[in-house]
Amino acid sequence: MKTIPELLSLSKTYENELPPMPELPAAPKGIEVARWIDHTILKPEATVHQVKQICQEALEYNFASVCINPSFVPLAAGLLSGSEVETCTVVGFPLGATLPTVKMAETLTVIGMGATEVDMVINIGALKAQAYGQVLNDIEVVVQAAQNQGAIVKVIIETALLTKQEKIIACLLCKEAKADFVKTSTGFSTAGATVEDVELMRRVVGAKMGVKAAGGIRDLNDAQAMIAAGATRLGASAGISIIQEALA
């Protein structure tokens, strides 16, 4: 394990010279791109009917997961039961400013209702205040709670609100906490994923950790660009449009 001063020193080194781009898995072809997509509906006005629809679409096209708000987890988990499509939900969403104990309780609750993947938001204000130990603890309690129950964790760092150095230290903290993925965005901030941020995140975390690009991925070109930059998962509400382009 690295100490906070060691992580901070490493982040400053990376700010001047990033590690080389690691070797990445082969990009998906055609319909295979569906297995890289979290088919997402997180808008506050989402209805039961809409959630049922995206679950049906996910089953039809075999998306990686359906990503929905916590109140819809039992519905989605039931509809997706027995399939390869995972049930993904969000914790501390979209601001990340809730207490670690609350995030942990929320994590255990949604997993108990059937979630198999948890996308949590870090405490962004703590990161910007350089309270790195607080941020690490915030991530660790969720990761430990989820992984002990067999679920995976994607950590949203909200790149649009961070400087380059803050993005680097955030990725290093996620890696130190043994999260499964680092994720760009909630989709509810000032901007979403960029190719530059995805490449930066991939270079920092290396080959083994997942990188999820989310926010503003609207077509196949966007999806392919994010994958080429190092993303191994995409969060998109436009999954059907992307698949239709891929098939065409």
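The model is predicted, so local features need pLDDT of at least 70 and side-chain atom pairs count only at pLDDT 80 or more, while totals for chains, interfaces and linings use all residues. Residues are numbered from 1 along each chain as its sequence is written, and side-chain values use heavy atoms, with hydrogens and water left out.

**Exercise 1.** Determine in what order the strands close into a barrel.

*Solution.* Begin with the elements: helices (H or I, at least four residues) and strands (E, at least two) are DSSP runs, numbered from the N terminus. Two strands pair if DSSP finds at least two bridges between them. Eight strands then close into a barrel with parallel pairing, in the order S1-S2-S3-S4-S5-S6-S7-S8. From one strand to the next, the twist averages 25°; axes are lines fitted to C-alpha atoms, for helices over the stretch in contact, and angles run from 0 to 180 degrees between N-to-C directions.

**Exercise 2.** Identify how many bridges join S1 to S2, and which helix lies across both.

*Solution.* Strand S1 (residues 37–41) runs parallel to strand S2 (residues 65–68), and four bridges join them. His 39 has Val 66 as its bridge partner in S2. Helix H2 (residues 48–61) lies across S1 and S2, at about 165° to S1. Elsewhere, helix H8 (residues 195–205) packs on the sheet and touches strands S6 (181–183) and S7 (210–214), where contact means heavy atoms within 4.5 Å. The direction of H8 makes about 165° with that of S7.

**Exercise 3.** Locate the salt bridge partner of Lys 212 and state whether the two residues are buried or exposed.

*Solution.* A salt bridge is a side-chain nitrogen of Lys or Arg within 4 Å of a carboxyl oxygen of Asp or Glu. The partner of Lys 212 is Asp 119, at 2.7 Å from N to O. Lys 212 belongs to strand S7 and Asp 119 to strand S4 (residues 117–121), so the pair ties together parts 93 residues apart in sequence. Both Lys 212 and Asp 119 are buried (under 20% relative accessible area; exposed is over 50%, partly exposed in between, with a 1.4 Å probe and protein chains only). Lys 212 and Asp 119 also belong to a salt-bridge network with Asp 38, Glu 117, Lys 154, Lys 183 and Arg 233.

**Exercise 4.** Find which helices the salt bridge between Lys 167 and Asp 197 ties together.

*Solution.* The closest N and O atoms of Lys 167 and Asp 197 are 2.8 Å apart. Lys 167 lies in helix H7 (residues 164–176) and Asp 197 in helix H8, so the pair ties together parts 30 residues apart in sequence. Lys 167 counts as buried because its relative accessibility is 13%.
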